[in-house]
Amino acid sequence: MNSHALNLTHAGALLNGNSACPLCGERSSQIIASKDGKTNEPLITVSCSQCGLGRIDPLPSDQELAEWYAKQYRQAYKSAVQPALRHILRAGRNALWRWQWLCQNTSGLEPTANSQAKSSLDIGSSSGEFVYLLQGLGFEAKGIEPHEGYATYARNSLGISINNGTLQHCLSSEQPSSLDLISMFHVLEHLPEPVAALRVIGEKLKPEGFLYIEVPNAMRLCSPHYMFFKAHTLYFTGITLRNLLESSGFKIVSHSPDSSDNLSVVAQYVSAQGTSLIGEKSHPLVTAQKARRWGPYLLQQLQEGQPLRKWRVRQEEKHTAKQYANGQVLLNDLYEKKSQQMPTS
Ligand SMILES: [Zn+2]
C-alpha cells in the first residue's frame, strides 16, 4: 500500500489503484474507506471507476490470502471445533430458508421418488448444515471447507462428505459437467480472482445445473465502521454481482431484490465467453458509505426496536437449542418438522 493512498482518508477521493479491478481490469477508482472496520488498521477499499465493483486495494494474492486465513484460524481455534448448538440452530434455519428460496427460483432440482439422485457441492460448507439438509432430501451431497476444524466436525458429527482444502485444490478433483448444483454462501466476497474461480466452477456444472450464490449486500444499512475489513476482498451491489457472473460466462436465472441485506442469485453456465459488461460508474458504494453516520444509524436501530429484537432472538435460540443433546439431533428435528411444509414437485 503506498503512502499516497494512506493520506487520502475520505470517501470519494480518487485513487489510481495498486491493483487492477478483477472484474474489468480498470485501475482508476474512488476510495470508499481507508481503515479496517474491525482492527482500525489502514486498509484501502475502493470502488472501480469503470464497473463499480468494490475491492480492497491492493488485492492479496491467493498465497497471501491462504497464509492470512491459516494464521487467523490458528489464533481462533487452537484445537477441535465444536459449534454451539445455538449456532447450529441458526445455521440450520438458514439452510432451510436457502433451500426454499432455491426451489421457488428454479425448476427441476427437487428430487422425486423415481428421479435419479442429483449431485450437489457446497463450497465453504462451514459446519455442514446445508450439505446435511440436501443429503437428507436425497442428493448426493458434498462440501468443500478450508477450515480443518469445521470440516472434521461436519464429517464426524453429521456423517457427510466434506473435502478439506481450498476451492482451487478441491475443485480440481471434480469431474467436468458432473454437478447439478453448486452453492456458495458468503464465499465469493473472499476471493481475489473471482472470474477465474467462477469459470472453473462453471465447467463442473452439468449444462442444466445451477450455481447458487449468496453474498452480503455492500449497500445495506449498517454502522459506519462495520462494513470493510480484511477478510472481504470484494464488495457487491446487485448489479455488480450479476455483471461478474455474466462476464464469467453465466446467465442469470433469478435473483433477490437489490435492496436485500444479502444478495441471492441463481445462474447457469452457458459459455466460456463472457458477455460484455454494463458498467456501474456512479459509485453507489461511495455514496452509501458517505451516508453511513453513527447518529442516524443508532437512532434508526432504536426506533425499529433492534436491540430488543436481537436480544429476543438470542433468548429464543438459546431456549430452543438446549432441548437437544447434540447438533445432529437438533438438525434432524428441525429438518423433519419443516419438510412437512416444504414444496414438493
Ligand atoms: Zn471494474
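Buried residues are those with under 20% relative accessible area, exposed residues those with over 50%, and partly exposed residues those in between, as computed with a 1.4 Å probe on protein chains only. The model shown is predicted, so that local features need pLDDT of at least 70 and side-chain atom pairs count only at pLDDT 80 or more, whereas totals for chains, interfaces and linings use all residues. Residues are numbered from 1 along each chain as its sequence is written, and side-chain values use heavy atoms, with hydrogens and water left out.

**View A. Two cysteines, cysteine 103 and cysteine 24, and their accessibility.** Cysteine 103 has a relative accessibility of 11% and counts as buried, while cysteine 24, with a relative accessible area of 29%, is partly exposed. A disulfide is a covalent bond between the sulfur atoms of two cysteines. With a disulfide taken as a pair of cysteine sulfur atoms within 2.5 Å, the count for this model comes to zero.

**View B. The cis peptide bond from aspartate 57 to proline 58.** The omega angle of this bond is near 0°. Proline 58 is found in the loop between β4 (54-57) and α2 (62-76), where helices (H or I, at least four residues) and strands (E, at least two) are DSSP runs numbered from the N terminus.

**View C. Positive phi at serine 126 and histidine 283.** Serine 126, although it is not a glycine, has a positive phi of about 50°; this serine lies in the loop between β5 (119-123) and α4 (129-136) and is partly exposed, with a relative accessible area of 29%. Histidine 283, also a residue other than glycine, has a positive phi near 55°. Histidine 283 belongs to the loop between β12 (262-269) and α9 (284-290) and, at 6% relative accessibility, counts as buried.

**View D. The crossing of helices α7 and α8.** The axes of α7 (residues 194-204) and α8 (residues 238-247) come within 9 Å and cross at roughly 60°, the axes being lines fitted to C-alpha atoms over the stretch in contact, with angles from 0 to 180 degrees between N-to-C directions. The two helices are therefore oblique to each other, a term for angles that are not under 35 degrees (roughly parallel), over 145 (roughly antiparallel) or 65 to 115 (roughly perpendicular). Pro194, Val195, Leu198 and Arg199 in α7 meet Leu244, Leu245 and Ser247 in α8, contact meaning heavy atoms within 4.5 Å.
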